[in-house]
Amino acid sequence: MTLSRLLDDLLHSTYYGNQVAGVKSLPERKARFATPKRPVHPALFSILETLGIRELYTHQAMALDAVRAGNHVVIVTSTASGKTLCYNIPVLETLLETPGARALYLFPTKALAQDQLRGLLRYREAHPHLPLAAGTYDGDTPPTTRRKLRDEGQIILTNPDMLHSGILPNHTRWGGFFTSLKYIVIDEIHTYRGIFGSNVANVIRRLSRICAHYGASPRFICSSATIANPMELAEKLTGASLTLIGCEHDGSPKGPKSFVLWNPPFLDELMVERRSANSDAQHLMVELIRRRFPTIAFVRTRNGAELLYRYCQEGLQHVSPSLSRMIRAYRGGYLPEERREIERQLFEGELLGVTSTNALELGIDVGGLSACLMVGYPGTIASTWQQAGRAGRGKEESLAVLIAHNTPIDQYLMQNPDYFFGESPENAVIDPDNPYIVLGHLRCAVRELPVDWEDERGFGEYAPAVLDILQESGQVKMLNGRWYWSGTGYPAQISLRNINDNTYTIVDTTADNQVIGSIDEIGAFTQTHTEAVYLHDAETYFVDKLDLTQKIAYVRKADVDYYTQAVTETNIRVDREENERMWNKTGLHFGDVTVTTTVIMFRKIKFGSRDSIGFGNLDLPPQELATNALWMVPSIDTLHLVKGFGRLPVEGMVGIANVIGEVIPLFSMCDVVDIGATVDSSNTGAPTLFVYDKYPGGLGFAQKVYDIVEQVVEGCWTLIRACPCADGCPSCVGSAVPIYVQHGADVEIKGRIPDKEAALVILHDWLGKEPYIPKPVTHARLSTAAPLPPPQPSPREVKPLPEGVEWRIRQRVQTLKRKL
């Protein structure tokens, strides 16, 4: 059976209820070849022929020519287009021509580094005399192997975390390697965005400084999936000017692919609730596996991966018990040996299915997959195409299905398939000069090598002020125009992937206190709090205790028929206003805020039906986040306009807040977890919409919204207006605010869906559109509160290092100092 026939069968089955919102048939694409200006080295050409490669695609030949010409290069082509050859050929040629040469390969994950090592070793298998000493250097590498690689390795494959904490701080032991370093390969650069990308850019700053110290000037070869700003991102990461080999040069062939937008049906006549996306994903995945089509299903969360795995396993048990053993879950939090085994089983064809977070989105070779299911919009167009590209890695027919959640952005894409298929990928945003991030890397840099005034400029405009604070705290000192490390300890202990360095260990007490995973503090508070049900490898574990002092979650296997979901409360405080302006008649403000989040309770949710079967209270400490935010203060006229229709302005504002967090990723390459949106009246006296970055110091997402606010608000209006519901639903203004959340300034709106009509009145007024006349009020909504006073502007203060930032930097310095 073909995939086309399977899709046709599904559309004519009793299960089908008009779920298909759009189909895009991507035709087969023929290969385009080119010849490089100079032939490939004879020995390497012989190896390539042995591996079945007799010609180079156009982009591979162009990349080879550009690297040979001495350029830094970034290659941006489709998934499975052979980008690896774009850097392996010039590197291996150099090793053949200059035996003492060295290359450093950086991958975002250990799994990808190990996968690429397997690819490199195939060259040596094809030519046993190839002078290639290569290996992965990461946390799983034994000490003896580390020493051998450091002394003899020609190609070191590692990740930014190990480069940051294990290699750069010990660069004197790597002197020979750095002296001969010719290439730095940075693969999958589209993953280096947000907090991770900003940290990695600073690691590369430190790496470049050390290379210069040893007299090396290596070339950068970067590769990326399709994003809107690959050159900008690559140049911010590397600090170098690069040559772009773009999608228009992609010569790789593609098999035909059907891309389906799948929208689960409504469950009620009011068209509010839809069937669970997991339920439809289970049905599709079981059907695909039953017909022996290898399938990957991407989900948004670790919990989602485990839930879908469990559901599919149960469904396959009814079809064939042997098939139920040919599916696994794959996610972060598993131990390394577990992940390696799953990767091996996929590659060798022992598995027919895997449910995964985006951990398998990158270019790990998982064999030939026929179908890809995406349960919920992955957050960016770039990630969606990257995930879809995991199926059909060859010339065979493939299927990709995006299964929508009942959320605003998912439903917008279902209602507007032309937007999705016609829209360009987003911009990847990083902020390497963020002083919170620069602080940690300056401490590392000074310990690695003295920092002079020229080096200061390489770490951004706030670096001098940060170094002055470090000097006051006794961690650095100035001698003859250079900064020297005078602190103690090991400053490279900071995490690159989040600013919260606290990691919790998950211990299974039913298996002699075996460690079964790890999780960051935010995840620990929401997923492994006391009395939570934690899902791991399709098993349910009950959390007996979350030890905040030892940072350990003690769990035990428990056969329960429910899982848990944390309930949080968020409060926000304005600390300093940096910018303000009027947009139409709405006050726009940008500055420093403190966001306090508390996990106050949890829900128990039954497997399958998703019914809420109980609650539990929690007593966990609040978590404070000092960050940047945009806030929008509606005018008194706008508030009176809404009230004049008998509606409550805050209900409309909450609806807009629910939507704006989903819309922003359409304009900036961030995830919905990177940004927060809330409505608060305590700072301004009026219901105010806050949009904030979920990272200390901010990363530029709120700033971007401040700059393009009209486009973002227009997107909110388009999404809400297009929803066919009558009075608001999870697809537009969001779900009801739980009645059991009884904290915060706006408790009167708890327990009902935000007011869609009020939201449209506000949006029309903000955008200067024709006034919107809402439907008559059918039930009382209007608050009897007194008229709200106009907002009062906050004082402005400009300093080289913003006052609030300086205070927090000083706090952070003292915290880091105490950890030493």
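Two strands are said to pair if DSSP finds at least two bridges between them. The structure discussed here is a predicted model.

1. Pairings of strand E26. Strand E26 pairs with strand E27 (residues 612-617) in the antiparallel sense, over five bridges. Within this pairing, Ile605 is placed opposite Ser612 of E27. An antiparallel pairing also links E26 to strand E28 (residues 623-633), here over eleven bridges. Val595 stands opposite Leu625, a residue of E28.

2. The hairpin of E25 and E26. Strand E25 (residues 562-583) is joined to E26 by 20 bridges, again in the antiparallel sense. Arg576 has Asp592 of E26 as its bridge partner. Two residues separate E25 from E26 in a hairpin, and Asn584 in the turn has a positive phi of about 50 degrees. 

3. Burial of E26. How many residues of strand E26 (residues 586-606) are buried? The number is 17 of its 21 residues, and the strand is thus described as mostly covered. As a general point, the side chains of a regular strand alternate between the two faces of the sheet.

4. Helix H1. In helix H1 (residues 3-11), the buried residues are Leu3, Leu6, Leu7 and Leu10. Viewed down the axis of H1, these buried residues fall within an arc of 100 degrees, so they line one face of the helix. The packing partners of the buried residues of H1 are strand E11 (257-262), helix H11 (277-290) and strand E16 (398-403).

5. Asp250. This residue is located in the loop between strand E10 (242-245) and E11. Is Asp250 buried or exposed? Asp250 counts as buried because its relative accessibility is 6%, and the cut-off for burial is under 20%. Its side chain makes a polar contact of 2.8 Å with the side chain of Ser252. When neighbours within four places in sequence are left aside, the contacts of Asp250 are Arg29, Arg32, Thr58, His59, Thr77, Ser78 and Ser81.

6. The sheet of E17, E19 and E18. These three strands form an open sheet in the order E17-E19-E18, with antiparallel pairing. Strand E17 (451-452) and strand E18 (476-479) are at the edges, each with a single partner strand, so one side of each is left without a neighbour in the sheet. E17 and strand E19 (residues 482-485) run antiparallel and are joined by two bridges. Val451 is found opposite Trp483 of E19.

7. Helices across this sheet. Which helices lie across strands of the sheet? Helix H18 (residues 435-448) lies across E17, E18 and E19, and runs at about 90 degrees to E19. Helix H20 (residues 463-472) lies across E18 and E19, and runs at about 105 degrees to E18.

8. Leu535. Strand E22 (residues 533-536) contains Leu535. With a relative accessibility of 4%, Leu535 counts as buried. Which residues does Leu535 touch, not counting those up to four places away in sequence? They are Asn303, Glu306, Leu307, Arg331, Thr540 and Phe607. Leu535 and Tyr563 are 28 residues apart along the chain, and their C-alpha atoms are separated by 8.1 Å.

Methods. Residues numbered from 1 in each chain as written. Predicted model: local features only at pLDDT ≥ 70, side-chain atom pairs only at ≥ 80, totals over all residues. Heavy atoms only, no water. Buried < 20%, exposed > 50% of the residue type's maximum accessible area, 1.4 Å probe, protein only. Helix = DSSP H or I, 4+ residues; strand = E, 2+ residues; numbered from the N terminus. Arc of directions from axis to C-beta. Contact = heavy atoms within 4.5 Å. Polar contact = N/O pair within 3.5 Å; in protein donor to acceptor, adjacent residues only side chain to side chain. Axes fitted to C-alpha atoms, helices over the stretch in contact; angles between N-to-C directions.
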